[in-house]
Amino acid sequence: MLSRTADHLFWMARYTERAENTARMLDVNMQTSMLPQSEQDAEQGWRATLGISELQSAYDHQYGRFHTRDVLDFMVRDPNNPSSILACLTGARENARAVRGTLTTEVWEIQNATWLDMQKRLKSNLLETDPSAFFEWVKYRSHLSRGVTLGTMLKDEAIHFIRLGTFLERADNTARILDVKFHGARDTSKDITQRDFYYWAALLRSVSGFEIYRKVYRDVITPERVAQLLMLRGDMPRSLLACMDDVVENLKHIRNDVSADTERFAGKLHAELKFGHIDDIMKAGLHHTLTEFLENIYELGNRVSRDFLVPLAA
């Protein structure tokens, strides 16, 4: 496959996943902001959302003050914010259009229809009147895109590059959410108050993990178990281990003459999660472990670009 074609497929998937992740974070934060809390706590929650995407300084530079409405505008429909939902879905559609002949008609039509429908929804006042409905729509369109891709495309290199982009982006997002939310917690003791319960429940809901947590642990929510679920359980779809399972598997299907080092790098990162233990991670420091993982996942993305996609600019 031509590297430029692979690049467009890879980034189409990453942008689609990033739009969904942004919608998940904003939706959960909208719901938790309605709980009884001080203005300071509410602002901290929104700033944490900006921090997850490393957009705090860009927001402050553009707006200079904090307001919930401004954060939503910035994260949803600001074309100058590369991580906004508008920018992500536009990027996904443009990358899909560039490789229209590689995609099935169904996959292209989903990407194009999502972009067209987004224009209508952003021009309406839906974001102001019912933001959760808008975020649910974004998540639904992302789910639909993945389902149609798996259901209609030939299982060749094209779909492996799409899946690789999806799981690299998802791993990065789960690690960021976990790191920022743990830093934002008032404490990580085992004495969980009602407020703490809603806090950790919100974190789990942001990665569709609340019902899974209840099914797996059948007990009160504790920070250590949240970390274990989102990092080390391969049966949790959005966990770091589950993402790396798929990253390693898809790399096998697209390997070339220069990708052996990249496969080894991904395999080492995968093994650290597969054979890791939550007690060791907490003892070493969760923030340190997640920071190191984020650095490694960024390096892995660069290695994938170097070995398979359009070369990075010098």
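Colleague: How many cavities of 30 Å³ or more turn up in the whole structure?

Modeller: The search finds 3. Keep in mind that the model is predicted.

Colleague: How much space lies in the largest cavity?

Modeller: About 110 Å³.

Colleague: And which residues lie nearest its centre?

Modeller: Ser 145, Arg 146, Thr 149, Ile 162 and Thr 166. They belong to a lining of 13 residues.

Colleague: Which helices each supply at least two residues of that lining?

Modeller: Helix 1 (3-32), helix 8 (131-152) and helix 9 (157-184). The largest share is from helix 8, with 5 residues.

Colleague: How do the lining residues of the largest cavity divide into nonpolar, polar and charged?

Modeller: There are 6 polar residues, 4 nonpolar and 3 charged.

Colleague: Moving on. What volume has the second largest cavity?

Modeller: About 70 Å³.

Colleague: Which residues line the second largest cavity?

Modeller: Among them are Thr 16, Ala 19 and Glu 20, then Leu 89, Ile 110, Gln 111 and Thr 114. Val 138, Arg 141, Ser 142 and Ser 145 also line the second largest cavity. Two or more residues each come from helix 1, helix 6 (105-123) and helix 8.

Colleague: Which helix gives the most there?

Modeller: Helix 8, with 4 residues.

Colleague: Where does Ser 145 come in?

Modeller: Ser 145 is one of the residues nearest the centre of the largest cavity, and Ser 145 also lines the second largest cavity.

Notes
Residues are numbered from 1 along each chain as its sequence is written. This is a predicted model: local features need pLDDT of at least 70, side-chain atom pairs count only at pLDDT 80 or more; totals for chains, interfaces and linings use all residues. Side-chain values use heavy atoms; hydrogens and water are left out. On a 1 Å grid over the protein atoms alone, a cavity is a set of points where a 1.4 Å probe fits but cannot get out, and a pocket is an open set with protein on both sides within 12 Å along at least five of seven lines; lining residues have an atom within 4 Å of a point. Grid points are joined across faces, edges and corners, and a volume is the space filled by probe spheres set on the points. Ala, Val, Leu, Ile, Met, Phe, Trp, Tyr, Cys and Pro count as nonpolar, Asp, Glu, Lys and Arg as charged, and the others, Gly among them, as polar.
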